[in-house]
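Please go through the following briefing on a contact between two protein chains, written with its cut-offs stated alongside the values.

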Amino acid sequence: MSTSEKKIVIALAGNPNCGKTTLFNSLTGGTEYVGNWPGVTVEKKDGPFKKHDGVVIQDLPGIYSLSPYSKEEVVARNYLVEQSPDVILNIVDGTNLERNLYLTTQLMELGLPMVVAVNMADVLKKAGDVVDVKKLSQELHCPVVEISALKEEGSLAAAELALELAKSGKTGELPHVYKGSVEHAVAHIEESIEDKVPAHHLRWFAIKLFERDSVAQKRLSLPGDVMAHIEQHVADCEKELDDDAESIITNQRYAYIATVVGMAVKKKARKGNLTTSDKIDRVVTNRWLALPIFAAIIWIMYYVSVTTVGTWLTDWANDGLFGDGWFLAWTSGEKGGREAWDEASGAFAEAKARIAAFQEAYSEAAGAPAEAAEAEKGEDAPAFVVADEALAATITRTFRLEDEESGEVTNYPEALQDLMSEKGVDSFSREELLAFVAENGEAAGVKLAEGKDGPALETIPGESKEAESFPLAGFVADYGSYQEALEVEEPEPSDYGVWVPGIPVLAEKAFAAMGIPEDGIAHGIVFDAIIGGVGTVLGFVPQILIVFLFLAFLEDCGYMARIAFIMDRIFRRFGLSGKSFIPIMVGMGCGVPAIMATRTIEQERDRRMTIMLTTYLPCGAKAAIIAMFVPAFFGGSAWAATAMYFLGIAVIVFGGIALKKTRPFLGDPAPFVMELPAYHWPSLRGVLIHTWERTKAYMVKAGTLIFAASVVLWFLMSFNWRLSMVGLEESILHDIGVCFAWIFAPLGFGRWEGAVASVTALIAKEQATATLAMLAEPVAAVGGTLAHVRALFGEFSPAYPVLAALSFMIMNLFDPPCIVAIMTTFREIGGARWGWFAVLFQILVGYCLALVTYQLGKWVVYGASFGAGTAAAIVVVVLALFFIVRPAPKGAAK
Amino acid sequence: MKTLRDVAVGETAKVKKLNGEGAVKRRIMDMGITKGTAVTVRKVAPLGDPIELTVRGYELSIRKDDAALIDVEEE
């Protein structure tokens with residue numbers, strides 16, 4: 001077949017939930033192209049018909065009607081009228097023929113060849129209902145077939161029939177839908193526009209003009225006298241029937257359908273009144289049970305996708321696939337399985353600690369760094385050589401924590417030091433220490449554990465930190481135990497199971513093999529930018545996959561509509577839809593799948609608003625910021641952490657109320673007229689395809705953009721203006737930070753460190769904590785990370801360090817989310833203008849909240865004098881209140 | 001005038017007239033609530049709004065404010 005030949009297009013049209021997607025997937029084999037219709041965020045899908053070359057299946061949005069009011073409907077009708085596909089394959093739900101045929105009556109007026117496929121034949125059969133396909137075909141004047149899309153019965157035959165019809169180009173005669181004066185008026189309209197529209201669309205345009213359809217009127221732009229003539233006929237008709245034109249047409253369509261269905265469908269008398277679906281629905285939307293069941297379902301979804309399986313998979317992706325490597329599940333090696341591995345690697349970590357302790361003590365005793373003996377260093381040996389055996393033998397540094405005389409604070413685990421310095425404690429007796437750890441629990445950063453030589457303090461593993469063990473009874477770091485420790489071999493993962501090395505490890509090996517230097521540009525790009533940046537993006541994929549799996553299941557089984565039904569009352573108060581609930585909840589895990597989850601919201605306005613607001617509930621990465629600031633500045637108070645979540649809820653609620661009254665979101669409230677589809681068990685194939693489509697969209701579109709963004713940021717962080725590689729303190733980003741630090745001055749952290757930390761937070765929110773830790777280290781000589789950060793904020797704002805910290809935390813929690821989420825916003829919100837609108841809104845919210853916190857906090861709580869900043873904060877508060885409280889302006893929107 | 005909003009749960013009423021205009025009205029009609037249609041109120045959402053209807057053999061949910069636009073009479 002030649003490529004120049006025009007492809008035959010079969011357009012799939014039908015109501016939402018009629019099985020259109022299932023049919024589409026089975027006809028194309030799931031190899032479709034998914035995009036958006038030009039200019040709008042309505043999903044556009046087309047794919048090749050797998051049985052015939054040169055045939056394209058074009059999926060249209062699921063619609064109930066071809067009115068001019070909804071975006072989906074306008075997209076579908078514009079396509080049908082302007083592009084004129086070769087044939088329409090209209091899928092109708094056989095269990096709900098009346099409403100489904102309503103769209104059919106509109107489609108047939110387009111004058112295109114059409115096949116009607118009555119879906120759910122299996123369900124009909126089971127219920128004992130009979131649809132007389134022949135009779136239906138006679139009445140509708142077009143071929144009608146029965147199919148079961150789910151079981152793939154008749155699907156192919158229906159498409160083949162459509163293809164045949166397309167080749168012959170035969171269109172059916174129009175059935176007599178309209179009665180008496182209406183048909184009369186329509187015929188008159190047809191007469192007056194005959195020469196202005198294509199012959200096959202004549203009936204379509206005549207009906208639309210009768211309905212006073214604004215889109216059709218605009219398209220034809222008829223001269224005034226013709227319009228007046230048409231208007232006369234319509235008005236006469238309206239007067240005679242005492243109804244408006246749109247209602248007249250709708251009524252007559254439904255009346256016609258009622259007679260057709262009456263002739264063609266024989267319903268078996270139902271024994272009971274309740275179907276299985278009814279029974280399920282009676283329980284799950286029961287007045288009293290609905291909310292508990294809803295909470296339980298949401299909890300399960302959250303638990304699986306965010307806290308358990310999702311986290312495991314994300315950890316696997318980040319620490320395994322894009323980290324050191326991982327064990328293949330359920331495998332074990334000659335030295336045992338995972339437990340043996342954990343034990344062996346624990347012992348190795350302890351040995352390393354002993355070695356380090358001894359080396360430190362020896363170096364001190366020797367008076368000079370022992371690394372001097374660099375030359376003798378072997379391939380893998382530490383840069384440490386014991387030169388003076390006699391001196392080494394005298395070393396007994398014990399981690400006797402009860403030794404009050406030495407006051408050796410460095411002997412305490414670093415995690416504990418933070419809390420100690422905060423409470424002003426220098427040292428403990430062993431009893432005091434035990435009491436201290438027991439009393440402060442997790443906040444101390446260490447817990448009591450059973451070590452190799454009796455009780456030990458073990459650090460609680462945190463973000464990218466492994467647990468370290470500090471034996472209590474004191475491991476004696478003497479020469480003998482040092483030599484013993486040197487003997488402890490690093491456990492080989494392959495002895496404990498099938499070990500799969502992570503991508504960085506493999507890449508490192510490959511680089512080493514090729515002899516590429518570790519501090520070079522190529523190394524930096526591959527490891528920091530590509531593996532670091534894109535790895536972060538792909539690290540989200542497993543979690544996204546699970547969220548989408550749940551969403552697809554909830555949607556396909558029919559519960560999603562019930563969620564909207566249950567939650568609508570709450571959410572419409574602040575301009576969102578009942579379906580906004582799911583994205584906001586998913587957002588507590590990660591903003592990216594949350595933004596993607598807004599795809600289930602049909603109303604564009606609701607969807608956009610949800611995208612803008614859904615990331616305000618702190619996500620997992622933002623929790624890392626909370627986890628650093630709350631212990632550092634607020635004594636680890638659970639209230640301070642909880643307050644951030646409530647602040648997030650408040651931003652969503654009041655943000656919604658304020659946005660609803662802004663120009664872009666103004667207008668009639670979106671009609672909430674929603675079908676509650678019958679429950680049914682979704683097909684595995686359908687759910688998987690659904691899930692995969694969305695995940696793929698994320699990986700492809702976000703992945704490419706993120707890659708570019710990561711490379712740019714990495715470049716700014718690693719180079720100076722002369723384009724040579726330097727540390728962060730000398731980088732271009734540092735200079736940019738200096739330039740923009742003044743912006744943050746009113747927020748209390750107007751220093752380059754604050755600016756740079758906020759910028760790097762865009763890569764990933766938890767990056768802000770890493771950057772701060774790095775930048776704060778030179779500021780203070782003693783203490784752990786938290787103490788350093790405290791010192792840094794002490795320099796930012798000497799008088800009000802705690803306020804500055806709170807302001808920094810709020811700014812970074814409530815400004816735009818990370819770059820992945822921003823990119824996803826741009827993609828999902830429908831156009832760059834909307835993307836910028838969302839980001840600017842988010843910048844404004846984050847900045848203003850921080851400003852108000854710092855300036856008003858200073859003035860109200862600490863009694864600072866009234867200044868320009870205070871005035872600005874008050875203006876911000878007043879403006880915010882104005883935007884929230886003002887009545888919605890009228891008539892500003894179209 | 002009795003509207004669909006006033007119909008008790010479990011009761012069926014017949015649509016007499018649709019008030020309102022534009023998108024909401026058209027949407028309601030498109031979904032099959034037209035003059036003369038029998039509509040049964042199935043239940044009220046747990047938080048008191050919206051309501052669930054049975055119309056033309058399927059379940060439809062609309063807000064009470066929109067239900068108030070639909071004049072009905074007892075079957």
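A salt bridge is taken here as a side-chain nitrogen of Lys or Arg within 4 Å of a carboxyl oxygen of Asp or Glu. By that rule B:Arg63 is bridged to A:Asp568, with 2.8 Å between the closest N and O atoms. This is a predicted model, in which local features need pLDDT of at least 70 and side-chain atom pairs count only at pLDDT 80 or more, while totals for chains, interfaces and linings use all residues. Residues are numbered from 1 along each chain as its sequence is written, and side-chain values use heavy atoms, with hydrogens and water left out.

**Polar and charged pairs**
- The rule finds ten salt bridges across the interface of chain A and chain B.
- There are also 17 residue pairs in polar contact across the interface, both residues at pLDDT 80 or more, where a polar contact is a pair of N or O atoms within 3.5 Å, and within protein one must be able to donate a hydrogen and the other to accept it, residues adjacent in sequence counting only if both atoms are side-chain atoms.

**Extent of the contact**
- Chain A gives 42 residues to the contact and chain B gives 32 residues, contact meaning heavy atoms within 4.5 Å.
- The two chains, A and B, bury about 3500 Å² between them, 54% of it on carbon and sulfur atoms; buried area is the accessible area (1.4 Å probe) that two parts lose on being put together, summed over both.
- Of the area that chain A buries against chain B, 19% comes from A:Phe565, A:Arg569 and A:Val673, more than from any other three residues.

Definitions and conventions:
Chains lettered and ligands numbered in written order.
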